[in-house]
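Please read the points alongside the sequence and the coordinates.

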Amino acid sequence: DESPNFQFQSDELTPERALTEAETRKELTEAINALPQEQKEVVVMRYSANLSYEESADILGISVGTVKSRLSRAKEKMKRFILSRT
């Protein structure tokens, strides 16, 4: 039989997948906690509270450009933090 053997990924949460997701959440939490407060605020507002740049800027009393800048710097720091631990 020369037909390809396709395996479809299931959305079912296997023990291995649950462990991987838990480890990823732990790494992200540690990376976020290592950020300076002003960067941590925008990360949480954007990705946890799902606020827009404009909403975050209004809440913090800063410009949208500052929100974007802080978020960009935070993501870069988080990336370096995670890569340094692997």
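1. In this note, contact means heavy atoms within 4.5 Å. The structure is a predicted model. With that cut-off, the buried residues of α4 pack against α1 (15–33), α2 and α3 (53–60).

2. The largest nonpolar core comprises 9 residues, namely A31, L35, V42, V43, A57, V67, L71, A74 and M78. At least two residues of this core come from each of α2 (37–48) and α4 (64–84). The greatest contribution is that of α4, with 4 residues. In general, nonpolar side chains of soluble globular proteins tend to be buried together.

3. Helix α4 contains 21 residues, and the distance from its first C-alpha to its last is 30 Å, close to the 30 Å expected at 1.5 Å a residue. The buried residues of α4 are V67, R70, L71, A74 and M78. Seen down the axis of α4, these buried residues fall within an arc of 100°, so they line one face of the helix. The face turned away from the buried side of α4 carries the exposed residues R73, L83 and S84.

4. Which residues does L71 contact, once its neighbours within four places in sequence are left aside? They are V42, V43, R46, Y47 and Y53. L71 also belongs to the largest nonpolar core and is among the buried residues of α4.

5. The count of salt bridges comes to 5. One of them joins the side chains of R17 and E21, at 3.0 Å from N to O. These two residues are 4 residues apart in helix α1, a separation of about one helical turn. Both count as partly exposed: R17 has 30% relative accessibility, and E21 has 31%.

6. R80 is partly exposed at 48% relative accessibility, and E76 is partly exposed at 36%.

7. A further salt bridge is formed by R85 and E30, with the closest N and O atoms 3.0 Å apart. This pair links distant parts of the chain, since R85 lies in the segment after α4 and E30 in helix α1, 55 residues apart. E30 is partly exposed, its relative accessible area being 25%. A network of salt bridges links K26, E30 and R85.

Technical notes
Residues are numbered from 1 along each chain as its sequence is written. This is a predicted model: local features need pLDDT of at least 70, side-chain atom pairs count only at pLDDT 80 or more; totals for chains, interfaces and linings use all residues. Side-chain values use heavy atoms; hydrogens and water are left out. A nonpolar core is a set of buried Ala, Val, Leu, Ile, Met, Phe, Trp, Tyr and Cys residues joined through side-chain atoms within 4.5 Å. Buried means under 20% relative accessible area, exposed over 50%, partly exposed in between (1.4 Å probe, protein chains only). The expected span of a helix is 1.5 Å times one less than its number of residues. The arc is that of the directions from the helix axis to the C-beta atoms. A salt bridge is a side-chain nitrogen of Lys or Arg within 4 Å of a carboxyl oxygen of Asp or Glu.
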